Amino acid sequence: MALWLLNHLSTLALTLLIVGGTVLATAAGSLLVRHRFPKLTEGEHNDTVGVVLGMFGAIYGIILAFVIVTLWTQLENTQSVVASEATEAAVILRDAGVFPDAAETRVKEAVSRYVHHVVDVQWPNMRAGGMTLSSGGQLQGIYDALQNYEPVTESQKVYYAEAADSLDEMAAQRRARLTIAGQELPLLLQVLVFGGSLVILPLTFLYGTRSRKMQVLFVGAVAALIGFSLLLVVVLDRPFAGDLSVSPELFKQGKLEQFWKPHP
């Protein structure tokens with residue numbers, strides 16, 4: 001459900017849906033409880049409700065902060081992984097520049113097939129939550145192109161070794177990227193985050209005030225804060241889906257740009 005929302009709705013639409021929906025539902029619930037139990041407006045139980053709300057709010061706030069920081073860190077790590085993979089692919093091309101023309105062409109063609117596969121095939125699959133490690137032989141094609149070439153000069157041997165190291169690192173970053181694409185917030189944390197809001201928000205209904213506007217303002221402010229937190233959790237949980245997702249543009253820049261230029 002979250003993936004569908006991220007891939008079909010803009011961030012603004014998600015904000016209106018999650019934050020706006022949370023505020024409206026909470027305000028409506030508060031007014032309903034106020035109408036059903038008018039004695040709550042006298043504030044007879046405010047001291048008890050305040051203590052319970054403060055205790056639960058503190059625990060829930062710590063959980064939310066932990067989850068959001070963890071997801072934000074994951075997003076930054078994902079960006080680093082993608083940047084590293086694209087950089088290593090570009091380095092392989094530069095190192096292959098000292099190879100004979102035939103060997104350089106084979107490496108370029110193999111890297112081109114790999115880059116196009118990443119952007120055109122793997123990225124849409126990752127947006128949909130896929131995690132397949134199959135590369136259709138594109139990665140192996142680069143290994144074959146290097147393994148079938150025997151460097152002769154000292155310069156070729158040095159750059160060949162560097163290209164082989166870069167290829168190994170690129171393979172490692174690729175696996176890390178695909179593994180991240182298949183991950184999501186553990187079920188227990190999902191229950192704590194989303195279930196916790198169903199505990200905190202109804203508690204605000206019990207805090208009575210004589211002014212209806214003040215009551216709606218109070219519960220609405222709490223609901224807006226929790227709604228924005230839930231929005232962050234939904235958006236950050238999937239680093240390859242939604243408007244704030246990690247982009248494949250790094251595979252189209254710098255040395256790799258040559259693979260995306262239109263043919264004359």
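**How the helices pack**

In this predicted model, helix 3 (residues 46-95) and helix 6 (residues 154-181) pack at an angle of about 155 degrees, with their axes 8 Å apart. Helices here are DSSP runs (H or I, at least four residues), numbered from the N terminus. Axes are lines fitted to C-alpha atoms over the stretch in contact, and angles run from 0 to 180 degrees between N-to-C directions. Helix 3 and helix 6 therefore count as roughly antiparallel, a label for angles over 145 degrees. The crossing of helix 3 past helix 6 is left-handed, meaning that the near helix is turned anticlockwise from the far one by less than a right angle.

Which residues in helix 3 and helix 6 meet? On the helix 3 side they include Thr78, Val81, Glu85 and Ile92, and on the helix 6 side they include Tyr159, Ala163, Met170 and Arg177; contact means heavy atoms within 4.5 Å. Sorted by class, the contact of helix 3 with helix 6 has 11 nonpolar, 4 polar and 7 charged residues. Ala, Val, Leu, Ile, Met, Phe, Trp, Tyr, Cys and Pro count as nonpolar, Asp, Glu, Lys and Arg as charged, and the others, Gly among them, as polar.

Helix 3 also packs with helix 4, at about 160 degrees and with the axes 9 Å apart, so helix 3 and helix 4 are roughly antiparallel too. Here again the crossing is left-handed. The tally for helix 3 with helix 4 is 9 nonpolar, no polar and 2 charged residues.

Helix 4 (residues 101-127) has 27 residues and reaches 38 Å from its first C-alpha to its last, close to the 39 Å expected (1.5 Å times one less than its number of residues). At Val118, helix 4 bends by about 35 degrees, the angle between axes fitted to the seven residues ending there and the seven starting there. Just after helix 4 comes Gly129, with a positive phi of about 90 degrees.

Finally, helix 7 (residues 187-205) and helix 8 (residues 212-237) pack at about 175 degrees, with their axes 10 Å apart, which makes helix 7 roughly antiparallel to helix 8. The contact has 13 nonpolar, 3 polar and no charged residues.

Residues are numbered from 1 along each chain as its sequence is written. Local features need pLDDT of at least 70, side-chain atom pairs count only at pLDDT 80 or more, and totals for chains, interfaces and linings use all residues, while side-chain values use heavy atoms, leaving out hydrogens and water.

Definitions and conventions: Helix = DSSP H or I, 4+ residues; strand = E, 2+ residues; numbered from the N terminus. Parallel < 35°, antiparallel > 145°, perpendicular 65-115°, else oblique.
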